[in-house]
Amino acid sequence: VSRQLKEEIRRGFAGLEDPLAGLLAMLENSSDWKGKGHSLGYCITTELQLWIKEHPAVPQSGIQLKELQARVLGILSQCPANLLDPLISIYQLHTADRNYLLEHVSHLYLKGDYKEAAILSIKLKLQPDQDVEKMCTPLLLQDKANVVEDYVREHPELQSRLLQILDTWCEPGFNIGNITRPYQGLSRYKPEKFNRRTLSKLVFRLLERFNVDPALCPNVINQRHLRTLNYLFYKRFVEKTMTEENWADHVQSTVGENRWLQGQLLQLLLRHCDGRAAARWAQRCGVSTDLLPHSLAEELQELHIQERVEEATKADNYEDSKKDYYQLPIPRENIHFLQTWEETLQCWEKVLRPGQVVGIDMEWKPSFGMVGKPRVALLQMALKEEVFLLDLPRLLQQAEEEGEKDRLPHFIQRLYSDAAITKLGYGMSGDLSSLVATCSALKDTEKQLQGVVDLLAVDKHVGAQPEHGHGQRGVRQPEKGLSLLVQHVLGKPLDKTEQLSNWEKRPLREEQILYAASDAYCLLEIYERLCKDPESFGLNSDLTESLVGKHGKKPRPKKQLNKQEAPSPSGQQCQGSGVQGWPGRAAVSPRQFSVVCDNMLQGLGRYLRCLGVDVRMLENEDDHRKAAEIARQEGRVILTSGLPYQTLQSQVGEGRCFSVNCSEKAKEQALQVLKHFNVRVSLTDIFSRCQ
């Protein structure tokens, strides 16, 4: 607003006998203020608000103020959002009779102005005196979950009540039609947005947003656990990519003592196993004996003998099953599992030596779509002669008990910020975001990175090269991510059967310890091989210089979008070449790039298809996990967002799942994806695919 206009407005106020009545008369007889943006009416209103603060004697009181309040309430429902707070302040609506305000909001509600009634209730802080189910139901039917969140944001008791209501609607057998039937004629009604799946998503979002105990929503939690059980049975009995011990850990952790889940587990066991195996697993997973059919109860008497035979067979076959995979070249006694600060001191002394090269990896328990970000359970650091496995939860707990909670973060920050130490990783941005979720004191670590080499940047290019004369692989699932890079560079893939382990359970099994050590140590061997002979892997001859010689700060992207997207894989490297990334990162055309888009990114999928990218999109009713199945079967990259990212990234190889910023438009999302994967679009690519 120009200074001249402000002065003119203030002179007008000074000349009025009753400025409050004057403003109201102007608003009642004008319509310019009803539009969005800074109208003249908005400018006059906000100037009066400031002027009143400078002239405290101006505000009205008593009967005259009540009359003005009654009049201003009549226009509030038509006001743009930017006028509500100034008018509420000027006319002191927080001092008005509460019953009168509730009656006015109720009148708006009965007219069908549900959003306006909710927003006015929020502004006037009326929620404690209202029925949260009545106020929020029509908003959910109109797909206005953001208004519902605002409505309960400042009221923990309403958050709990709303979540309990939503959970009741998700109960098996509940007829959602009973909720929707009274609102059939509702304007902007979106019934396709109101189903158990979308309600379940909303519950999980609210649980995380408001930090509410998930036990408050047993139906939604049980259904999510049941989906996890179905996924685990698929991995174990259909895909056959999960070890028995690993599978059992997750099943026991998922079911616990929940009798409903135990019943569901029993049904799945009977569907996938014979009677003897079903009885054995039912016993091992703690299923109550009263849930077992009579035939299975009889099988329990012979289980002990069978288990001894199977255990002996397993021990005989274990070594043979590992011959086709990458083997650690260091002896087992050089792998150290560290749980106390005293044990870690020798580790830090060796790791922090100038000139050291360290392979770093992290493990966490798969979330399977549950609330919260994954927390690192194991930090692996590999040196040439030995590997250190740090029990991060135990070390952090010990440090806090001893009043030294900054001790461990201090050493980790020293490691990542020291340009004289080369840190090797694979998809380090995701690892670092999980590390921050585990220990908030590390939140600035990513800004201080020095001497970091992320091997994810060369993965795609090396993977496109010939096999380099290595031996034939047996029949197994196609290798992905780091395992595929290890196969191309070192000759054999990683054994990833322990990838989805329960890394929080102690003690770790021997298979987990060897897997964790291999994941970190193989980075050292890949790095050494690539530096010695980059050209044989199709990489530029200056690879050594670009990896070793420039440990400067990572280049900043123009706009950081999210932890998974920014910086791009090349953004963490030592070579400051901006968008181009590593010299070895080859550009690909849209026709060589295939993705599967989650169902919240259909606009992005259509846009990428216009550019010539090979796109598959999930339907609205599809479960997110279908994206992982398609990605594995067809070798596609998953594009997703939000909580599903945490679930899906653990089901595919490293770097094969990308989180898109949902607040951006499709064009901006497409630019993120193209830049991240170095996809170059030409004129001939546009509309080269059937739309």
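User: Where does Lys240 lie?
Analyst: This is a predicted model. In it, Lys240 lies in the loop between α13 (218–238) and α14 (244–255).

User: Is Lys240 buried or exposed?
Analyst: Lys240 counts as exposed, because its relative accessibility is 64% and the cut-off for exposed is over 50%.

User: What about its phi?
Analyst: The phi of Lys240 is positive, about 60°, although Lys240 is not a glycine. Most residues other than glycine have a negative phi.

User: Which other residue has a positive phi although it is not a glycine?
Analyst: Phe687 has one, also of about 60°. Phe687 is found in the segment after α30 (666–676). With a relative accessibility of 57%, Phe687 counts as exposed.

User: Back to α13. Where does Thr228 lie, and is it buried or exposed?
Analyst: Thr228 is part of helix α13. Its relative accessibility is 2%, so Thr228 counts as buried.

User: What is Thr228 in contact with?
Analyst: Leaving aside neighbours within four places in sequence, Thr228 is in contact with Thr254, Phe368 and Arg625.

User: Which helices do the buried residues of α15 pack against?
Analyst: They pack against α13, α14, α16 (275–284) and α17 (294–299). The buried residues of α15 are Leu261, Gln262, Gly263, Gln264, Leu265, Leu266, Leu268 and Leu269.

User: How far apart are the end C-alpha atoms of α15?
Analyst: They are 20 Å apart. Helix α15 (residues 259–272) has 14 residues, and at 1.5 Å a residue these should span 20 Å, so the two values agree.

User: What caps the N-terminal end of α15?
Analyst: Asn258 does: one of its side-chain oxygens lies 3.0 Å from the backbone nitrogen of Trp260.

User: New topic. How many residues are in the largest nonpolar core?
Analyst: That core has 73 residues, and Leu76, Leu87, Tyr91 and Leu166 have the most contacts inside it. Helix α12 (residues 196–210) gives the most to this core, with 7 residues.

User: What is Leu166 in contact with?
Analyst: Setting aside neighbours within four places in sequence, Leu166 is in contact with Leu140, Leu199, Leu202, Val203 and Leu206.

User: What order do the strands of the open sheet have?
Analyst: The sheet has 6 strands in the order β1-β4-β3-β2-β5-β6, and the pairing is mixed. The strands at the edges are β1 (335–338) and β6 (452–454); each has a single partner strand, so one side of each is left without a neighbour in the sheet. From one strand to the next, the twist averages 20°.

User: In which sense do β1 and β4 pair?
Analyst: β1 pairs with strand β4 (residues 387–390) in the parallel sense, over 4 bridges. His336 stands opposite Phe388 in β4.

User: Which strands does helix α19 lie across?
Analyst: Helix α19 (residues 341–351) lies across β1, β2 (357–364), β3 (376–382) and β4, and runs at about 130° to β4. Helix α22 (residues 428–438) lies across β2, β3, β5 (422–425) and β6, running at about 60° to β2.

User: Last one. Which residues does a cis peptide bond join?
Analyst: It joins Arg506 and Pro507, with omega of about 0°. Pro507 is in the loop between α24 (481–490) and α25 (510–532). Most peptide bonds are trans.

Note on methods: Residues are numbered from 1 along each chain as its sequence is written. This is a predicted model: local features need pLDDT of at least 70, side-chain atom pairs count only at pLDDT 80 or more; totals for chains, interfaces and linings use all residues. Side-chain values use heavy atoms; hydrogens and water are left out. A nonpolar core is a set of buried Ala, Val, Leu, Ile, Met, Phe, Trp, Tyr and Cys residues joined through side-chain atoms within 4.5 Å. Buried means under 20% relative accessible area, exposed over 50%, partly exposed in between (1.4 Å probe, protein chains only). Helices (H or I, at least four residues) and strands (E, at least two) are DSSP runs, numbered from the N terminus. Contact means heavy atoms within 4.5 Å. Two strands pair if DSSP finds at least two bridges between them. Axes are lines fitted to C-alpha atoms, for helices over the stretch in contact, and angles run from 0 to 180 degrees between N-to-C directions. The expected span of a helix is 1.5 Å times one less than its number of residues. A polar contact is a pair of N or O atoms within 3.5 Å; within protein, one must be able to donate a hydrogen and the other to accept it, and residues adjacent in sequence count only if both atoms are side-chain atoms.
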